[in-house]
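Please look through the sequence and the 3D structure shown here. The report after it is meant for someone who has not seen them before.

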Amino acid sequence: MALTTDHSSPMNRQRSGFARSLDSGFVWGTAAVAIAVGLLLAVIALQVGEDALPAIQKFGLGFLVSSRWSVIDGEFGALTQIYGTIVTSLIALFLAVPIGVGIAIFLSEDFLPPRIKQPIVFLVELLAAIPSVVYGIWGIFVLIPILRPFGIWLHETLGWIPLFATAPAGPGIYAAGLVLAIMILPIIAAISRDAMVAVPAELRQAAYGLGATRWETIFQILLPAGFSGIAGGVMLALGRAMGETMAVTMLIGNANTIDSFSILSQGSTVASLLANQFAEAGGLQISALMYAALVLFALTLVVNILAEIVVRRFSLKL
Amino acid sequence: MTSRLQSARQTDSIFRTEDLNIYYGNFLAVRDLSIDIAKNSITAFIGPSGCGKSTVLRCFNRLNDLIKSFHIEGKIYYHDQDLYASEVDPVEVRRQVGMVFQKPNPFPKSIYDNIAFGPRLLGYKGDMDELVEQSLKQAALWDDVKDKLKAFGTDLSGGQQQRLCIARAVAVQPDVILMDEPCSALDPISTLKVEDLLQELKEKYTILIVTHNMQQASRASDYTAFFNVEANSKGQRTGYVVEYERTEAIFQSPKQQATQEYVSGRFG
């Protein structure tokens, strides 16, 4: 039996011109989309930078270390907001990382039958679907009244620690940090869980096979093996926390000075500053706001680069 | 618990199963298993795919306990201890019955930390460097890696990784080592190295090995159990032991027709 009925040489058996142009068209199409995303980012950065130029020329790097934000005097410095952005994000991470990783461990092990586990996984991810303005409203009317007695107690018993040096006045850095923690929790939990589930089953069996208990297996094998994914999720969450605007603006109190290092005091973040002042800003103030926006942009960029470095440095070869 | 398992280390029969039936839920995976495993011997489990060899192997270190639907009927004795008695801690069992898996699975840690992992769990107080060296020597890997103990275990070649896994199992000084097709992912040269290793290891340990490679079973083992599988009316495939004998007998004068056909390569 003949193996082939086509006796033409392989070079003559080409695909149709249409199929080939579809192929190369697809390559160019995806390349164009990818380049467009990069261009968009560059254009936004350039535009913001251009608008910020007058403020950059006037204040220079002093903008970053001055906490004076006076529209009347035309003096602007974003230290208060940079400080607020970093502190609220750190509070959020401090609370959300242990809980989020804990949830990830719980939901990646077989503690629960799948019928119960799946809905819980879904519910955790649903936390990310709540609009931030709803978090803000909830924070104002539910969380802050609940937190108030606790804040007063903290101030009265631990007031000698600078972190609790002021009496809570309703909204404040702590309330914003706490709500941010809830908002970034699903990111950390979902990404960490994916990272833990992705650890090869062989490693788990190897650890059990050597007589490791469940906890030893989790803490000595699964968490280290999933570390790069978990770190990536945490950094992503940090970026989200730093840029979060609505809920923070509603909860942080929007004070434009650093009175103390107390987390019970009121403050503001770069994002909340922008949200509060854009509507009635003019002249140099707009430029100063653009400068602040650029700083936020740079902060998130640094976090993302750090994330990349951490993930590469600690990525375990599986 | 520890002392009871350890004081039982004196007898000549390491494992004994009595009318063992292994289930996953309602599914009977292996039936009517009654075998004795002799101390300081190598016992090979051979048979076609899906006949439950690995399932049986994983009963001996209670690794099947990780599967929720798993349960057994009948008895498995480890020395004279009922392995599935309620007071037996599976973690303790696995510290005495080590395991090497089909796919080499070193931890994503340094070679040194791979070996030290088990002893550290046990709170080993002696000289860890010494133990790591000894274990690597027992696994015939010391000369390959002595200058790069800090390197990642996962960077070694497949055959070296598998010997690392053997060294890791040996480091906790187990009583028995279970091997689940340890050479199936290795090239022929690495396979021969592991087989040579088995002969040295049996001086100190009792070894149970699942293999698809009949030459390997005939070359390396003292006893061979031939497993076969049959489907019931619902299409569920249940494994059982056809013949369990000294390896020469299985390969040269099998009593059962099925064994004869399998070892001569006519099916499976």
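The sections below describe the two chains one after the other and then the contact between them.

## Basis of the description

This is a predicted model, in which local features need pLDDT of at least 70 and side-chain atom pairs count only at pLDDT 80 or more, while totals for chains, interfaces and linings use all residues. Residues are numbered from 1 along each chain as its sequence is written, and chains are lettered from A and ligands numbered from 1 in the order in which they are written.

## Chain A

Chain A has twelve helices and two strands; helices (H or I, at least four residues) and strands (E, at least two) are DSSP runs, numbered from the N terminus. Along the sequence their pattern reads α-α-β-β-α-α-α-α-α-α-α-α-α-α. The C-alpha trace of chain A spans about 95 × 60 × 35 Å along its principal axes. For 318 residues, a compact globule would have a radius of gyration near 20 Å, but chain A has 26 Å. The radius is taken over C-alpha atoms, and the globule rule is 2.2 Å times the number of residues to the power 0.38.

Of the 318 residues in chain A, 36% are buried. A residue counts as buried if 20 or more other C-beta atoms lie within 10 Å of its own, as exposed if 12 or fewer do, and as partly exposed in between, with C-beta atoms placed from the backbone. Among contacts in chain A between residues at least 6 apart in sequence, 77% join residues at least 24 apart. Two residues are in contact if their C-beta atoms, placed from the backbone, lie within 7 Å.

## Transmembrane annotation in chain A

An unreviewed UniProt entry lists residues 25–46, 82–108, 120–147, 173–196, 217–238 and 288–311 of chain A as "transmembrane region". UniProt positions are given in the numbering used here, feature names are shortened, and annotations may be inferred rather than shown by experiment. In the model, residues 25–46 of chain A are 100% helix and 0% strand, and their end C-alpha atoms lie 31 Å apart. Residues 217–238 of chain A are 95% helix and 0% strand, with end C-alpha atoms 28 Å apart.

## Chain B

Chain B contains eleven helices and eleven strands. Its C-alpha trace spans about 55 × 45 × 35 Å along the principal axes. The radius of gyration of chain B is 19 Å, which agrees with the value near 18 Å that a compact globule of 268 residues would have. Buried residues make up 46% of the 268 residues in chain B. Among contacts in chain B between residues at least 6 apart in sequence, 72% join residues at least 24 apart.

For chain B, UniProt lists residues 15–254 as "domain: ABC transporter" in an unreviewed entry. This span is 34% helix and 29% strand, and its end C-alpha atoms are 24 Å apart.

## Paired strands in chain B

Strands E1 (residues 13–24) and E5 (residues 70–78) of chain B run antiparallel and are joined by eight bridges; two strands pair if DSSP finds at least two bridges between them. B:Phe15 has B:Tyr78 in E5(B) as its bridge partner.

E5(B) is also joined to strand E6 (residues 81–82) of chain B, by two bridges and again antiparallel. Here B:Tyr78 stands opposite B:Gln81 in E6(B). E5(B) and E6(B) form a hairpin with two residues between them, and B:His79 in the turn has a positive phi of about 55 degrees.

## Helices H4 and H5 of chain B

The buried residues of H4(B) are B:Ile111, B:Asn114, B:Ile115, B:Ala116, B:Phe117, B:Gly118 and B:Pro119. They pack against H5, H6 and H7 of chain B. Just after H4(B), B:Gly123 has a positive phi of about 70 degrees.

In helix H5 (residues 128–138) of chain B, the buried residues are B:Val132, B:Ser135, B:Leu136 and B:Gln138. These residues lie on the same side of H5(B), because they cover an arc of only 160 degrees around the axis, the arc being that of the directions from the helix axis to the C-beta atoms. The face of H5(B) turned away from the buried side carries the exposed residues B:Asp129 and B:Glu130. The buried residues of H5(B) pack against H4, helix H6 (142–145), helix H7 (158–171) and helix H8 (188–201) of chain B. B:Ala140, which follows H5(B), has a positive phi near 55 degrees.

## Contact between the chains

The contact takes 17 residues from chain A and 21 residues from chain B. On the side of chain B that touches chain A, the elements giving two or more residues are helix H3 (90–96), strand E7 (97–100) and helix H4 (111–121) of chain B. The residues on this side divide into eleven nonpolar, five polar and five charged. Here Ala, Val, Leu, Ile, Met, Phe, Trp, Tyr, Cys and Pro count as nonpolar, Asp, Glu, Lys and Arg as charged, and the others, Gly among them, as polar.
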